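Please look over the model below before reading on. The points after it are meant for someone new to this fold.

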Amino acid sequence: MRVGVVTFPGTLDDRDAARAVRLAGGEPVALWHADADLHDVDAVVLPGGFSYGDYLRAGAIARFAPVMEPIVDAAKGGLPVLGICNGFQILTEAHLLPGSMVKNEALTFVCREQELTVENADTAWTRAFRAGQRITVPLKNQDGQFVADERTLDELEGRVAWSSATRATIRTARAAASPASPTRRATSSGSCRTPSTRSRPATARTAPTARAAAPTASVCSPPCCRPSSADPGVDASTTSTISVASVAWDDPDAARLRDAMQAEMRALYEDDDEPVPLRDVSTIAAMVLLRVDGEPAACAALRRLVPGSWGDGAPGARVGEVKRMYVDPRFRGRGLSRLVLAEVERHARDLGLHRVVLETGALQTAAIALYERSGYVPIARYGGYADVELSRCYAKDLAARS
């Protein structure tokens, strides 16, 4: 069996992975991050180390490497892919694995031997083991806590290949969370991470507990954006009349949509705090309202940012921020989020802005996928999001109109 071992700039465990493949009787095939094909391998290993761009977020830049495109396509077709340590983080960033990784509870690097129990001996990577067998693996990470919403953890239940000896299953790891700490951090078997819990800061975004149902489409938690489901575009089969208009910030229909967004996000994140109003409404440059057959269906706002308040960028760049993006649940699945996002970008261009930025949550994979397809790239967390681990910030440079 030919097993590809990917090397990214900064990878340091690729030789260990290749040696392990040889010891298991396979043929290791070196794959460089810039390769455009997989050289007819039968499986792929993304080894540990520190991929380039980890200073932004582990795996956030490496997931855009040319080799990841054929890996994602092949994995969706059934190719076995194993992510170890940093490789696991890259797979979550590439949306081949659900959930996200955040820093360890003590915010320190962990290095120790970890005993695991083989829970499933029927996978491509565990067939040489027997169910219930105890093994010991080296554990070393800094971003070692796996976070996902309750629905995702339910879907993962029973599909764990290895688990920590102290937490036999994902459900056990979830139950270990204290009532004061609703964030769910479960064992991620592929990278041998162990679970822990932490009290939630008042301003930090957390994953939902069992009471909160995962959204099926776009929501936006103040002040972040979450678009609707990842439709490639508007459903051409619909015969509804769609209209887009610029309205005042206090327009009653726009205000009702924003209130609905606030309520949905408080339920999702189990946040009992009163919603935080926008600090300075005078910075709103545009409020977009989309109607379907005359009914308010979606909204989004564009806010001018003070230079230097939003993170990296060209000196003197004029920047706007997408805010309060929301699609009414009755109108989701029609590609309206893409329409309203494009309208906000049009306003930004008309105002002479060079770039737009936005913030979303790590658990909103459909939103992230939409942004990335729309040309947004990850940036460092900016402003008030700098210390919010589950925040994901994106930017898009706007091409000037010809």
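The numbered points below go from overall confidence to sheets, helices and rings.

1. Basis. This is a predicted model, in which local features need pLDDT of at least 70 and side-chain atom pairs count only at pLDDT 80 or more, while totals for chains, interfaces and linings use all residues. Residues are numbered from 1 along each chain as its sequence is written, and side-chain values use heavy atoms, with hydrogens and water left out.

2. Confidence. pLDDT is the predictor's confidence in each residue, from 0 to 100. The protein averages 75, and 73% of the residues score at least 70. Helix H5 (residues 170–175) has the lowest confidence, with a mean of 32. Strand S13 has the highest, at 95. Over residues 165–238 the pLDDT is below 50. That stretch still has 240 contacts in the model beyond near neighbours in sequence. A contact here means heavy atoms within 4.5 Å.

3. Overall make-up. The protein has eight helices and 17 strands. Both are DSSP runs, numbered from the N terminus: helices are H or I with at least four residues, strands are E with at least two. Of the 402 residues, 53% are buried. Buried means under 20% relative accessible area, exposed over 50%, and partly exposed in between (1.4 Å probe, protein chains only). Among contacts with a separation of 6 or more, 73% join residues 24 or more positions apart. The accessible surface is about 18300 Å². Carbon and sulfur atoms hold 52% of that surface. These areas come from the Shrake-Rupley method with a 1.4 Å probe; for residues, only the protein chains shown count as cover.

4. The four-stranded sheet. In what order do the strands of the open sheet of four run? The order is S2-S1-S3-S4, with parallel pairing. Two strands pair if DSSP finds at least two bridges between them. Strand S2 (27–32) and S4 are the edge strands, each pairing on one side only. The twist averages 25° from one strand to the next. Angles run from 0 to 180 degrees between N-to-C directions, with axes as lines fitted to C-alpha atoms, for helices over the stretch in contact. Strand S1 (residues 2–7) is joined to S3 by three bridges. Val-3 stands opposite Ala-43 in S3.

5. Helices on that sheet. Helix H1 (residues 14–23) packs on the sheet and touches S1, S2 and S3. Its direction makes about 175° with that of S1. H2 lies across S1, S3 and S4, at about 130° to S3.

6. Helix H3. Is helix H3 (residues 86–93) enclosed or open? Eight of its eight residues are buried, so H3 is largely enclosed by the rest of the structure. Among them are Phe-88, Ile-90 and Leu-91. The buried residues of H3 pack against several elements, including strand S3 (43–46), helix H2 (68–76) and S17. His-95 follows H3 and has a positive phi, near 65°.

7. The seven-stranded sheet. This open sheet has the order S11-S12-S13-S14-S15-S17-S16, and its pairing is mixed. Strand S11 (242–246) and strand S16 (377–379) stand at the edges with a single partner strand each, so one side of each has no neighbour in the sheet. Neighbouring strands are turned by 30° against each other on average, direction ignored. S11 and strand S12 (residues 284–292) run antiparallel, joined by five bridges. Ser-246 stands opposite Val-288 in S12.

8. Helix H6 (residues 252–268) lies across S12, strand S13 (295–304) and strand S14 (319–327). H6 runs at about 80° to S14. Helix H7 (residues 336–350) lies across S11, S12, S13, S14, strand S15 (355–361) and strand S17 (391–397). H7 runs at about 150° to S12.

9. Aromatic pairs. Rings of Phe, Tyr and Trp (its six-membered ring) pair if their centres lie within 6.5 Å; planes under 30 degrees apart count as stacked, over 60 as edge-to-face and the rest as tilted. The count by this rule is four aromatic pairs. The rings of Tyr-371 and Tyr-394 have centres 6.3 Å apart and planes at 40°, so this pair is tilted. Tyr-371 lies in helix H8 (residues 365–373) and Tyr-394 in strand S17, so the pair ties together parts 23 residues apart in sequence. Tyr-371 is buried at 0% relative accessibility, and Tyr-394 is buried at 1%.

10. Further rings. Tyr-382 and Tyr-385 form an edge-to-face pair, 5.3 Å centre to centre with 90° between the planes. Tyr-382 is buried at 3%, and Tyr-385 is buried at 9%. Ring pairs also link Tyr-371, Tyr-376 and Tyr-394 into a cluster.
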